[in-house]
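Trainee: Can we go through the salt bridges in this one? I have it open here.
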Amino acid sequence: GPDPTSQPEIYVKADARVLGEGELTIPMWLNAWREGNPCGLFETPEKPDVTLSPTPRFDLVEFSNYLQAGIQISRGCPFNCEFCDIIELYGRVPRSKTVPQVLAELDRLADLGYRGWVDISDDNFIGNKKFVKKLLVELEAWCQRREYPFYFGTEASMNLADDGELLDMMQRCEFRFVFMGIETPDPDLLAVTQKKVNSMKPIVERIHEVYKHGIAISAGFILGFDGEKSGTGDAMIECIEETGIIWSMVGLLVALPNTQ
């Protein structure tokens, strides 16, 4: 269903609404619960310092129940895509954990015996490329030291394809999957929705640049933008077939009448 933090009005009948980032709001709710007042609205306009976020309790996870394990190294995205709620929820200035903090989470997963796919579940893995490159240098050394227990997937904006150095670094760290929001092959719609970063270079050219580094791509598309031309669906199918994307997700925007 819809994210409670981005659309809290949908859940107005809930006994308790814990909105915002958990490091700050979950303790508010737990304290109220201990005082005998578990119901109500628990939120704050503040954003947590993620460099203080604790290592998740991976020891409570039954890994066999999941396709992959997940960690998060940053929150936020520097872009301003009109249809996306990430910047409303987490801001346009990415907040990154520290490199030792990230490696400690990976150590914990490995020490618990987990092996295989680790998804770096960031809003945009390359929101802060300077930090990511610093991390990847240390991550490569970590992978060598730990004898490569993991391979990685993540989500990134399409300009990832424009940085060969970064792709080389990701390949050496065993990144194998990246999800990209292609959205639409129509450059005019990309401009209208403030996602011009996708139209800087041909989509097919960019996708195949990523493929050269041993990284497969799954993609998201959106059908139903204002001003969309007839035949957009066919253009999307052609784009998917030409790029050889392994998996695609198509979202449908539906304009509802204003009943107020």
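Trainee: What does Asp163 form a salt bridge with?
Mentor: Its partner is Lys133, and the closest N and O atoms are 3.0 Å apart. A salt bridge here is a side-chain nitrogen of Lys or Arg within 4 Å of a carboxyl oxygen of Asp or Glu.

Trainee: Where in the chain do Asp163 and Lys133 sit?
Mentor: Asp163 is in the loop between β7 (150–155) and α5 (164–172), while Lys133 is in helix α4 (residues 129–145), 30 residues apart. Helices (H or I, at least four residues) and strands (E, at least two) are DSSP runs, numbered from the N terminus.

Trainee: Is Asp163 buried or exposed?
Mentor: Asp163 counts as buried, because its relative accessibility is 11%. Buried means under 20% relative accessible area, exposed over 50%, and partly exposed in between (1.4 Å probe, protein chains only).

Trainee: Before I go on, where do these values come from?
Mentor: This is a predicted model, where local features need pLDDT of at least 70, side-chain atom pairs count only at pLDDT 80 or more, and totals for chains, interfaces and linings use all residues. Residues are numbered from 1 along each chain as its sequence is written, and side-chain values use heavy atoms, with hydrogens and water left out.

Trainee: Which residue does Glu140 pair with?
Mentor: Glu140 meets Arg172 in a salt bridge, 3.2 Å from N to O. That pair links helix α4 to helix α5, 32 residues apart.

Trainee: Which residues are joined into one network?
Mentor: Glu21, Glu23, Arg75 and Arg95, through salt bridges that share partners.

Trainee: How many salt bridges are there in the whole structure?
Mentor: The search finds 14.
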